[in-house]
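Have a go at each task before reading its solution.

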Amino acid sequence: MRPLSAAEAVKAIEAGTLTSEKLVASCLERIAEREPVVKAWVHLDKALALKQARAADAAKGGLLRGVPIGVKDIIDTHDMPTGHNSPIFQGKVPFGDAACIALCRNANAVILGKTVTTEFANRHPGPTTNPHNAAHTPGGSSSGSAAAVADGHVPLAFGTQTGGSVIRPAAYCGVVGYKPTFNDFSRVGIKMQCHSLDTLGLMARTLDDIALFRGAVLSLPAIPIDRNVSAPRVGFCRTPIWDHAEPDTQALLEKTASVLAAKGATVLEVKFGPAFDDILEDHVAISGWESARNYADERLRNPDKVSRELTDILNKGLAVTLERYVAAQRKAAAFKAHIDSLFDKVDVLLCPSAPGEAPKGQEFTGDPRFNSIWTLAGTPCVTLPAGTGDEGLPLGVQLVGPRHEDDKLLSLAAWVAARLH
């Protein structure tokens, strides 16, 4: 039986044909069945989850009506440990909730548990497997959230993205991933890696659920998807690293562009200006400089508890000079203005969500560069499931919109999705 979406569950609870307690119990049953394989959760207190559900049923109302949410384990929760997949923080319970958690509780959500992350949302992986094939990675760093949503453990989950940590795992696991315009969502109570880049993101199985979830995080009524939008002007943006996309991804994107054109969209080829061909090097410089300083306590006070992968990354960050960091920030400002200008001619950009299918094994969570570009640009992005690759694993297409026009992007994404299936 197909698991309910969040929007479906809200309607059923409002109609009196479902309770949050029953919904949460069914999610816990699914987790008990599948968790030995998927390994998406690092903390799950069944009694606490059901207690929250009963309280949600008693309270009634609220935008989320007792719908359960998975929370990436770098986001603070006052009643559960926040461990960051690090021995430094193992078992430590924060003094309060992150802003996004407090706002979701206010919307009458159930915080089901904490999902696996890579160490400090970086590269050192956790145990989570891809629910479509356990021999493959689910992606990172929001690995547990993507896998939990894809496998029907929970309808909604939080991720975060500094490079590609929402869009890429969502694409690998075949769900909808959404990275909002930079700074639209509060980051208070989320472990900071790079203050110029870190972005809270959402994962769900439908775009309607993303819109519902987004309303809760913004403490606003959900702005419904507009399914009467006109056929968009689509900019097919291969990006400067198109050659790094695998053949099945290239074929998917080219087919998508053709299908959308046949369905009424105006499709144009869009390229970055030559000055930004190396913009990913500026992302590396900014993330390296900032992460080396934001993780000062961990690397200086607990160096023996930091993984070799992260230690190497932080050492590279320490080698970035202030002059290089400043130059990268200036380039990033120019890049954002350049991307803004692209939307004078198109409504949405079409580009890869990832180089290809999820890589085999758990050690490498995948190449984030097709996402890092847009993280640096600060633009809203959404990945849509759009087929499978040569290994039978999910592939996604990424849509990018103008900054602060996230509602329009989600509606255009619905237009695209309706014509791809």
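**Exercise 1.** Is Lys408 buried, partly exposed or exposed, and which residue does its side chain meet in a salt bridge?

*Solution.* Start with the classes: buried means under 20% relative accessible area, exposed over 50%, and partly exposed in between, using a 1.4 Å probe and protein chains only. With a relative accessible area of 37%, Lys408 is partly exposed. Next, look for its partner, taking a salt bridge as a side-chain nitrogen of Lys or Arg within 4 Å of a carboxyl oxygen of Asp or Glu. The partner is Asp347, at 3.6 Å from N to O. Asp347 is buried, at 14%. Helices (H or I, at least four residues) and strands (E, at least two) are DSSP runs, numbered from the N terminus.

A note on the source: this is a predicted model, where local features need pLDDT of at least 70 and side-chain atom pairs count only at pLDDT 80 or more, while totals for chains, interfaces and linings use all residues. Residues are numbered from 1 along each chain as its sequence is written, and side-chain values use heavy atoms, leaving out hydrogens and water.

**Exercise 2.** Which residue forms a salt bridge with Asp151, and which network do the two belong to?

*Solution.* First, the closest N and O atoms of Asp151 and Arg30 are 3.3 Å apart, which gives the salt bridge. Asp151 sits in the loop between α5 (143–150) and β4, and Arg30 in helix α2 (residues 20–38), so this pair links parts 121 residues apart in sequence. Then compare the classes: Asp151 is buried at 7%, whereas Arg30 is partly exposed at 27%. Lastly, shared partners join Arg30, Glu33, Arg34 and Asp151 into one network.

**Exercise 3.** How many residues of α13 are buried, and which strands does the helix lie across?

*Solution.* Begin with the count: eight of the nine residues are buried, among them Phe370, Trp374 and Leu376. Now turn to the strands: α13 (residues 369–377) lies across β4 (156–161), β5, β9 (348–352), β10 and β11 (394–400). To β11 it runs at about 20 degrees; axes are lines fitted to C-alpha atoms, for helices over the stretch in contact (heavy atoms within 4.5 Å), and angles run from 0 to 180 degrees between N-to-C directions. Just after the helix, Gly378 takes a positive phi of about 75 degrees.
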